[in-house]
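Trainee: I have a new structure on my screen and would like to talk it through with you. Could we take it one question at a time?

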Amino acid sequence: MLQQLRENKSLQGALLILPTMVFMAGLLIIPLALTLVISFGQRGPDGGVIFTFSLDNYIRLIGFQPGCLQPSCFDSLYLQILWRSLTLAFQTTVLVILLAYPLSYFIARAPRKRRTTLLFLVLVPLWTNFVIRVYAWMMILRTQGVINGVLGWFAGLLGLTFTPLEMLYTPGAVLVGMVYEFLPFMILPIYTSLEKIDPSLYEAAADLGANSLRTFLRVTLPLSLPGMVAGTILVFIPVMGMFVVSDLLGGRQVILVGNLIQRQFLDARDPTFGSAASLILMAMTLVVTYFYTRKFGFGEEIVTA
Amino acid sequence: MNAQRRSPLVSSMAFLVYFFLYAPILVLVLYSFNASRTNILFEGFITSVGPLQMQGSTVVQSPCGPLHWFCELSKNREVMNATQNTLTIALTSTIASTIIGTMAALALQRYNFRFKSFSQGALYLPIVIPEIVMGIGILVLFSQVFGFINSAFGLVGNDRLSLGLGTVIVSHIAFSVPFVTLIVQARLHGFDKSYEEAAMDLGANELVTFWRVTLPMLLPGVLSGALLAFTLSLDDFIITFFTNGPGSTTLPIYVYGLLRRIITPQVNALSTVWILVIVVAVFLIQRLQQTED
Amino acid sequence: MSELAVELRDVVKTFQTPEGTPVNAVDHVDLQIQNGEFFSMLGSSGCGKTTSLRMIAGFEWPTSGEVVIAGQPQGHKPPFQRPVNTVFQNYALFQHMTVFDNVAFGLQMAKRPGDEITRRVGEALEMVKLGGLDKRYPRQLSGGQQQRVALARALVNRPQVLLLDEPLGALDQKLRKEMQVELKLLQKEVGITFIFVTHDQEEALSMSDRIAVMSLGKVLQIGSPVEIYERPNCRFVADFIGETNFLEGQVRAVEAEKVVVFVPALDAELAGVGYQGFHNGQRVSLSVRPEKIHLTEQPPDGQKSFPVRVTQVSYIGSDTRVLVQAGKTTLKVAEQNKISTLDPDAYFQNGEQAFASLTPENTLVLPLDEVP
């Protein structure tokens with residue numbers, strides 16, 4: 001029997017991957033299928049689920065009411081929430097790339113011995129608890145927080161009256177929080193792809209007459225694209241589903257899809273509506289990611305090679 | 001890349017970004033020594049050591065001196081529980097996901113079997129969907145399944161199946177495995193099969209070959225994967241949020257709960273301790289790496 | 001007790017190319033390898049020699065046909081159940097183990113007692129002249145030393161057959177030549193069958209008792225080095241081993257083994273020897289090795305010769321290589337150093353006329369086809 005297993009390579013492979021597939025099927029695929037089913041259901045008493053087939057949840061999500069599909073019943077509330085999440089994710093990604101690139105570049109050009117230390121310096125905030133990092137920004141941005149404190153002190157020196165800035169509980173605060181959270185996730189992939197660039201390419205470019213800027217634009221930047229691509233996947237997708245940052249730094253003012261879903265499951269106790277929202281979120285994310293990876297790939301070159 | 005002419009522009013931007021990364025952390029650490037209990041304004045360090053004395057909401061004297069909040073922290077039962085849970089979950093899920101993730105990487109990299117592309121795709125899924133979608137899905141699954149089992153078997157009270165340590169661990173394994181697999185797969189990519197052939201040529205069967213040759217050579221990749229799985233589990237909030245129950249609170253969940261209620265410098269003290277542990281761990285890892293080289 | 005160490009019986013190995021078409025890497029190969037002989041499989045990349053070796057070792061299983069070791073058909077037995085050991089091209093030393101642990105590995109797998117292992121490992125390392133290096137790690141050794149460790153690791157297990165997959169490929173020229181001599185001596189000393197795969201024909205010629213010349217999955221000729229060199233059975237083998245000149249012609253007469261061929265390019269009849277049946281009118285190819293052609297200023301007595309014009313002279317040290325224009329064709333000639341140190345101008349210069357002579361024994365008649 002052992003010899004049979006030995007000969008059947010295909011069976012060996014299947015057995016090796018079996019435990020993983022059990023987990024993926026049980027905790028990913030089946031839950032998603034169940035979410036889909038429930039999204040067509042209706043809210044039952046005690047926040048349970050009545051299994052039927054009803055498009056009510058989806059109708060509500062696009063802005064109408066069940067039974068009233070006329071423009072007068074239209075409320076763009078949920079569509080606004082979806083749009084806000086999308087734009088926030090884009091803004092975060094762009095800002096993160098702009099901030100991460102110089103740092104990655106700096107580390108990649110540093111002497112080899114220093115690089116590990118510099119990288120660890122990037123990783124330490126990452127390993128510090130996620131919720132704690134958001135809390136830190138609460139302390140910095142609030143009315144009696146660090147920034148206002150420092151500004152007020154300056155104003156006092158100059159003899160001016162100072163009205164504290166309202167920074168917390170604004171969309172700006174949420175953006176800052178998101179950027180802060182996800183910055184390390186972009187630094188590492190960009191660094192990895194920069195580090196893989198063969199130094200002789202720079203020499204070749206110089207030999208052919210390119211100055212620093214030209215070399216950067218025509219050689220470095222394109223070759224670091226896989227890193228940016230991988231980093232984008234690591235930033236854009238989580239931001240789409242985030243609710244903690246918007247909850248703590250945005251309060252009631254900034255509601256994202258994640259907050260919506262969370263509230264449905266906890267406060268409003270409508271798992272059917274929450275499921276529908278969750279699936280719409282997933283669909284949006286997958287669509288954006290699909291078009292994105294079609295154009296740019298997955299950036300897996302930074303892992304292999 | 002070698003050190004060419006270092007542009008001062010890039011260097012200064014880099015330092016600014018480092019500052020941006022660390023400023024909040026420094027603020028956190030500073031406030032963990034805050035004399036003010038309400039922790040709104042920084043009112044200086046607690047200087048005198050002695051029995052507890054308060055002035056309004058300011059701590060004037062404490063048996064632990066400036067480390068007052070750290071002492072309070074050590075007496076906090078909930079924190080200890082949460083820490084224990086966090087570590088238990090992280091260790092268990094790391095070990096499990098590393099083992100099955102490595103097996104999966106071997107399967108995908110070296111074998112062909114039916115549903116191979118489906119499996120590879122399924123593994124990418126947790127990476128390309130937002131965590132909340134996965135969290136919701138698992139919550140929905142468990143509530144329906146548990147609900148069904150509880151009513152079918154008439155379970156009540158403590159016998160009822162409910163969310164807890166088990167559900168959290170199992171969820172953590174589910175989201176860690178794809179990352180472990182990806183990392184080990186990358187390591188397997190350029191792996192020279194002749195070492196394993198040599199071992200078999202010398203009389204080792206498949207299991208012995210794996211244990212004495214393949215695994216030691218794969219170890220750096222496996223350890224990286226394990227480290228990543230550990231980090232992901234330790235820091236996870238969203239999925240844990242939807243799959244935990246009473247008694248399985250982890251540190252991130254606990255802190256989040258605190259932040260919505262009362263904020264004392266104790267939270268900062270917790271943060272500072274956490275940061276210290278990380279820094280020490282990183283330092284040790286660096287030392288280990290250096291001795292290896 | 002079988003006389004044959006290894007037998008390949010009509011072995012075929014088929015692979016799928018990335019495009020999906022099947023290709024026979026090993027195409028109906030029959031080999032009989034004797035006990036105690038140094039047997040080489042020679043050919044360029046893709047000829048099937050390595051695949052054949054791997055099927056003997058057990059890393060691949062034949063698509064059809066049988067691999068037999070010491071009279072036992074191996075079927076689908078995995079490598080660890082076969083009484084053979086392999087020396088790999090890249091040595092495949094276990095980097096995370098010391099030299100001692102590497103060499104001891106096979107003995108540990110055979111569950112030999114500790115003191116026996118220590119003794120045998122010590123002997124094996126002495127045999128390859130690496131005594132004392134047992135505590136080192138592979139990365140601390142030179143290429144040549146690593147190669148010897150790989151050898152010791154395989155030999156310590158006293159296999160019935162030792163398989164060597166281009167083991168000298170990564171060594172520099174001088175070391176290579178030294179190792180060739182050492183390996184040959186080692187084989188005689190230990191007495192086991194060596195099956196050696198290489199693309200270097202000089203290597204094969206100098207070390208082997210017999211050589212199998214392979215191309216595109218087929219065995220073209222098996223014979224001793226002398227046989228292969230002096231009597232190749234086809235144009236491919238004649239061309240692959242050493243250098244040769246080919247002259248095409250038509251058979252005019254056949255007498256016993258002597259064959260008379262008319263060569264249009266020279267507009268002359270040459271007599272040669274042929275060991276395969278030839279008939280009048282058959283189109284054939286004559287193979288003449290460069291070192292068998294002699295150049296003289298005047299036609300020599302009693303020998304067939306024809307006029308040539310020297311076009312290039314290359315002094316290689318021990319040899320002088322000359323290109324001559326003969327009739328409508330160019331011939332390569334190699335003569336042992338004729339250039340006298342006393343008179344540098346004693347030999348032919350470019351453009352000079354000379355006479356080239358050959359003997360029938362040194363003119364081999366071969367079929368026109370590239371391979372049989």
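Trainee: Which residue is the bridge partner of L164(C) in strand 8 of chain C?

Mentor: Good place to begin, and keep in mind that this is a predicted model. Strand 7 (residues 161-165) and strand 8 (residues 193-198) of chain C pair in the parallel sense over five bridges. In strand 8 of chain C, the partner of L164(C) is F196(C).

Trainee: What is the strand order of the open sheet of six strands in chain C?

Mentor: This sheet of chain C is open and has mixed pairing. From one strand to the next, the twist averages 20 degrees. Its strand order is 6-7-8-3-9-10.

Trainee: Which strands of chain C stand at the edges of that sheet?

Mentor: Look for strands with a single partner strand, because one side of each is then left without a neighbour in the sheet.

Trainee: Which residue in the turn between strand 9 and strand 10 of chain C has a positive phi?

Mentor: Strand 9 (residues 210-215) of chain C pairs with strand 10 of chain C in the antiparallel sense over five bridges. Within that pairing, I222(C) in strand 10 is the bridge partner of A212(C). The two strands form a hairpin with two residues between them, and the turn residue with a positive phi, about 50 degrees, is L216(C).

Trainee: In the open sheet of four strands of chain C, which strands stand at the edges?

Mentor: That sheet has the order 2-1-4-5 and antiparallel pairing. Strand 4 (residues 64-69) and strand 5 of chain C are joined over two bridges, and Q72(C) in strand 5 is the bridge partner of I69(C). Each edge strand has a single partner strand, so one side of each has no neighbour in the sheet: they are strand 2 (22-34) and strand 5 (72-73) of chain C.

Trainee: At about what angle does helix 1 of chain C run to strand 1 of chain C?

Mentor: Helix 1 of chain C covers residues 49-57 and lies across strand 1 (4-16), strand 2 and strand 4 of chain C. Its angle to strand 1 of chain C is about 115 degrees.

Trainee: Moving to the contact of chain A with chain B, which helix gives the largest share of the side of chain B?

Mentor: The contact takes 75 residues from chain B and 76 residues from chain A. The chain B side divides into 57 nonpolar, 15 polar and three charged residues. Its largest share is 13 residues, and they come from helix 1 of chain B.

Trainee: How do helix 2 of chain A and helix 4 of chain B pack, and what is the class make-up of their contact?

Mentor: Their axes are 10 Å apart at an angle of about 50 degrees, which makes helix 2 of chain A oblique to helix 4 of chain B. The crossing is left-handed. Residues in the contact include M21(A) and L28(A) from helix 2 of chain A and A122(B) and L123(B) from helix 4 of chain B. By class, the contact has nine nonpolar, one polar and no charged residues.

Trainee: And where chain C touches chain B, which helix of chain C supplies the largest share?

Mentor: This contact takes 17 residues from chain C and 13 residues from chain B. The chain C side has 11 nonpolar, six polar and no charged residues. The largest share of that side, three residues, comes from helix 2 of chain C.

Key: Residues numbered from 1 in each chain as written. Chains lettered and ligands numbered in written order. Predicted model: local features only at pLDDT ≥ 70, side-chain atom pairs only at ≥ 80, totals over all residues. Contact = placed C-beta atoms within 7 Å. Nonpolar A, V, L, I, M, F, W, Y, C, P; charged D, E, K, R; others polar. Pairing = 2+ DSSP bridges. Axes fitted to C-alpha atoms, helices over the stretch in contact; angles between N-to-C directions. Parallel < 35°, antiparallel > 145°, perpendicular 65-115°, else oblique. Left-handed = near helix turned anticlockwise from the far one by under 90°.
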